[in-house]
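Subject: Structure handover

Hi,

Here is the structure I promised to pass on. Please open it first, then read my notes below.

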Amino acid sequence: MRTVFIISILFLFSNISFPQEQIETNIESAVQNAKKGVYWALSNIPVKKAKIEKSIVNEDKLLARVKVAKELNGVRVESTGYYQTNEVTIVLYRSRDSLVRDGYIKKGDLESYSEED
């Protein structure tokens with residue numbers, strides 16, 4: 001009787017933890033899609049425009065919506081990643097010095113990222 005009780009308790013806890021693991025996996029997939037948007041944004045920083053928006057789609061599924069806007073001395077990136085019914089938003093700011101250092105823009109492009117934009 002005691003073994004049956006212990007087995008039923010273990011079975012109950014294993015069923016409770018599975019949905020939580022599934023949610024964690026879904027959230028992680030949404031984060032990965034949001035990261036794809038961030039990487040796209042950093043590779044496509046607008047030189048002449050002050051702001052761009054892009055939807056990233058793969059196999060007729062929306063992976064991410066990305067907004068890139070020039071701000072004072074840098075760029076603001078907002079990427080919302082989607083996976084099934086989950087949605088995760090990443091917002092980051094990169095200074096123009098860090099963009100030059102990491103090779104996303106050239107030194108000659110710095111005039112485009114001035115306080116006047």
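Strand 3 (residues 74–83) and strand 4 run antiparallel and are joined by ten bridges. Strands here are DSSP runs of E with at least two residues, helices are runs of H or I with at least four, and both are numbered from the N terminus. Two strands count as paired if DSSP finds at least two bridges between them. Along this pair, valine 77 stands opposite leucine 92 of strand 4. Valine 75 faces arginine 94, also in strand 4. The two strands form a hairpin with two residues between them. In that turn, glutamine 84 has a positive phi of about 50°.

A word on the basis. This is a predicted model, in which local features need pLDDT of at least 70 and side-chain atom pairs count only at pLDDT 80 or more, while totals for chains, interfaces and linings use all residues. Residues are numbered from 1 along each chain as its sequence is written, and side-chain values use heavy atoms, with hydrogens and water left out.

**Overall layout**

The protein has two helices and four strands. From the N terminus, the order is α-β-β-β-β-α. Of its 117 residues, 29% count as buried. Buried means under 20% relative accessible area, exposed means over 50%, and partly exposed lies in between (1.4 Å probe, protein chains only). Contacts are heavy atoms within 4.5 Å. Among contacts with a separation of 6 or more, 38% link residues 24 or more positions apart.

The four strands make an open sheet in the order 1-2-3-4, with antiparallel pairing. Strand 1 (51–58) and strand 4 (86–95) each have a single partner strand, so one side of each is left without a neighbour in the sheet. Neighbouring strands are turned by 15° against each other on average, direction ignored. For that angle, axes are lines fitted to C-alpha atoms (for helices, over the stretch in contact), and angles run from 0 to 180 degrees between N-to-C directions. As background, strands of a sheet pair through backbone hydrogen bonds, either parallel or antiparallel.

Now the other two pairs. Eight bridges join strand 1 to strand 2. One of the pairings sets serine 55 against arginine 65 in strand 2. These strands also form a hairpin, with two residues between them, and glutamate 59 in the turn has a positive phi of about 50°.

Strand 2 and strand 3 are joined by eight bridges as well. Here valine 66 stands opposite serine 79, and alanine 64 has glycine 81 as its bridge partner. Their hairpin has two residues between the strands, and asparagine 73 takes a positive phi near 60°.

How much of strand 3 is buried? Seven of its ten residues are, so strand 3 is largely enclosed by the rest of the structure. Serine 79 belongs to this strand. Its relative accessibility is 0%, which counts as buried. Beyond four places in sequence, serine 79 touches residues including Ala34, Gly37, Val38, Val88 and Ile90. A polar atom of the serine 79 side chain lies 2.7 Å from the backbone oxygen of alanine 34.

Serine 55 sits in strand 1. Serine 55 is partly exposed, at 35% relative accessible area. Leaving aside neighbours within four places, serine 55 is in contact with Leu62, Ala64 and Arg65. Its C-alpha atom is 8.5 Å from that of glycine 37, a residue 18 places away along the chain.

Asparagine 86 is in strand 4. Asparagine 86 is buried, at 19%. Not counting residues up to four places away, asparagine 86 touches Asn26, Ile27, Ala30 and Gly81.

**The largest pocket**

The largest pocket holds about 170 Å³ of space. A pocket is an open set of points on a 1 Å grid over the protein atoms alone, where a 1.4 Å probe fits, with protein on both sides within 12 Å along at least five of seven lines; lining residues have an atom within 4 Å of a point. Grid points are joined across faces, edges and corners, and the volume is the space filled by probe spheres set on them. The lining includes Asn33, Lys36, Asn58, Glu59, Tyr82 and Gln84. Helix 1 (2–43), strand 2 (61–71) and strand 3 each give two or more residues to it. Strand 2 provides the largest share, with three residues.

Best wishes

Key: Polar contact = N/O pair within 3.5 Å; in protein donor to acceptor, adjacent residues only side chain to side chain.
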